Each structure stands twice: as C-alpha cells, then as structure tokens.
Amino acid sequence: MITAERRVFVVKLGGSLAHTPFLTNWLDVLAGLKKHDRVVVPGGGDFADQVRASQRKWKFDDRTAHRMALLAMQQYGLMLASLSPGFSPAGNRIEIDAVLRKKQVAVWMPDGPELDRAGIPSGWDITSDSLSAWLAGQLGAEQLVIVKCSPRSDLLSVPVDLARQGILDTAFPRMWTESGAALKIFHGSEYQAFAVELNDSIGSDQTLSTGTNTG
C-alpha cells in the first residue's frame with residue numbers, strides 16, 4: 001500500500017508534448033529519478049482532439065464525450081509506456097502500487113466507472129489537468145507537476161488565472177486545492193530544471209511555485 005512515508009510525485013504530461021522534441025527527454029528524466037515514486041497522468045492530446053471534432057460533427061452528449069476522452073488519455077498513456085521500458089500502465093491504486101514497488105514509473109489509465117463512483121462530473125470542465133489533481137489527492141501525493149507547452153510567460157500565473165485563460169480546465173483550482181499536494185508548473189522545454197528541482201526535493205513546504213521561475 002502507498003503510505004504517508006512514501007514520497008509520491010504525480011506528473012501530468014500534456015498531449016501537446018507529442019508535437020515537440022522534448023517528450024522523450026521528459027520520459028528519460030522520469031525514468032532515471034528512481035528515488036521518488038513517480039506516477040504519470042497522460043493528457044489526451046491528438047486523441048482527445050478527435051473526440052472534440054467528432055462531438056462537434058455528431059452532437060453526442062458530454063457524458064459520452066467524457067468517456068471517449070478518458071480512452072484518449074489511455075491511448076496517449078499506452079504510447080508513453082511503449083516509449084520507455086521503465087514505464088508501466090496502471091489502472092487503479094492497487095496496480096499503481098505494484099508498479100511503484102518495482103521502482104518503475106506508473107502511467108495511469110483512468111477508469112470511467114471508478115471516476116463515476118468518486119462523483120467526478122462528466123464534461124469538458126474536467127480534463128486530464130483536474131484528473132491529475134484528483135489522483136494526487138487519492139494517492140496522498142506530495143507534489144503535483146503539470147507540464148504544458150503554453151508560452152512561459154503565461155505559466156507564471158496562479159491556477160485561477162490559468163483556468164480563466166483556458167490553459168488549465170475550469171475545475172482545476174478547486175480540485176488542486178482539495179488534493180493537498182504542492183503544485184509545480186513547467187514548460188515543456190524545462191525537463192532539466194525539473195530534474196534538478198526534484199533531486200532537491202521540491203514541494204516539501206506544500207506551497208505553489210511555478211517551474212518557469214527557475215530559468
């Protein structure tokens with residue numbers, strides 16, 4: 001079981017990273033930081049964009065779109081796991097714990113029925129951003145890391161402002177606050193800064209900081 005003594009870091013890798021040269025750098029850094037328990041939350045990326053496009057065309061309901069978007073996260077997660085031998089898909093806390101005990105990186109495969117039981121609303125207000133915050137709370141994570149490819153200057157804003165700008169989803173500020181995890185936001189190019197700060201045990205004071213402040 002995951003206990004309070006184990007230091008869990010939840011890292012949400014945005015789907016936009018797949019359009020940059022930095023994706024494999026992040027995977028390599030996460031694979032190499034074995035002294036921490038690492039759980040990756042995949043974004044939806046191009047897979048989720050296809051759901052949005054299909055909903056616009058066919059007008060199906062948000063609950064259906066939400067379930068399809070969870071599958072999009074799983075598709076991206078399977079892609080991430082296939083790119084690094086130290087990554088393993090995991091669909092629930094038991095599977096996540098099993099992966100972490102092997103000192104591997106767990107890649108979360110979100111499950112629709114589990115989220116329904118947790119009372120997570122079905123709609124575009126809840127994306128992989130908010131789901132990463134929810135998972136951080138479920139795991140008692142010390143640190144939640146969000147990796148985005150938005151302009152660095154935008155990422156300096158506080159979560160409420162980022163939600164207003166559409167960089168984070170609208171439910172994120174509340175779900176992050178409820179998680180109890182410290183928050184760190186990095187630009188996609190800042191994998192080296194992330195590695196340095198993680199080795200320095202970032203987040204122990206449980207306060208908000210932004211990766212772009214580190215240069």
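I take a polar contact to be a pair of N or O atoms within 3.5 Å, where one must be able to donate a hydrogen and the other to accept it. I am working on a predicted model.

**Entry 1, whole chain.** I counted the elements first. The chain has nine helices and seven strands. I then looked up burial, and buried residues make up 53% of the 215 residues. Next I checked contacts with a separation of 6 or more. Residues 24 or more positions apart account for 73% of them. The accessible surface comes to about 9600 Å², and carbon and sulfur atoms hold 53% of that.

I found Lys 12 in strand β1, which covers residues 8-13. Is Lys 12 buried or exposed? Its relative accessible area is 4%, so I list Lys 12 as buried, the cut-off being under 20%. What does its side chain reach? I found a polar contact with the side chain of Asp 129, at 2.9 Å. I left aside neighbours within four places in sequence and looked up the other contacts of Lys 12. They include Val 41, Gly 43, Ser 128, Ser 132 and Ile 146.

I moved on to α6, residues 128-139. I checked its length. Twelve residues at 1.5 Å a residue should span 16 Å, and the end C-alpha atoms are 16 Å apart, so the two agree. I then asked how many of its twelve residues are buried. I found ten, so the helix is mostly covered, taking buried as under 20% relative accessible area. Among the buried ones are Asp 129, Leu 131, Trp 134 and Leu 139. After α6 comes Gly 140, with a positive phi near 65°.

Notes
Residues numbered from 1 in each chain as written. Predicted model: local features only at pLDDT ≥ 70, side-chain atom pairs only at ≥ 80, totals over all residues. Heavy atoms only, no water. Helix = DSSP H or I, 4+ residues; strand = E, 2+ residues; numbered from the N terminus. Expected span 1.5 Å × (residues − 1). Buried < 20%, exposed > 50% of the residue type's maximum accessible area, 1.4 Å probe, protein only. Contact = heavy atoms within 4.5 Å. Areas by Shrake-Rupley, 256 points an atom, 1.4 Å probe, with all protein chains shown as cover.
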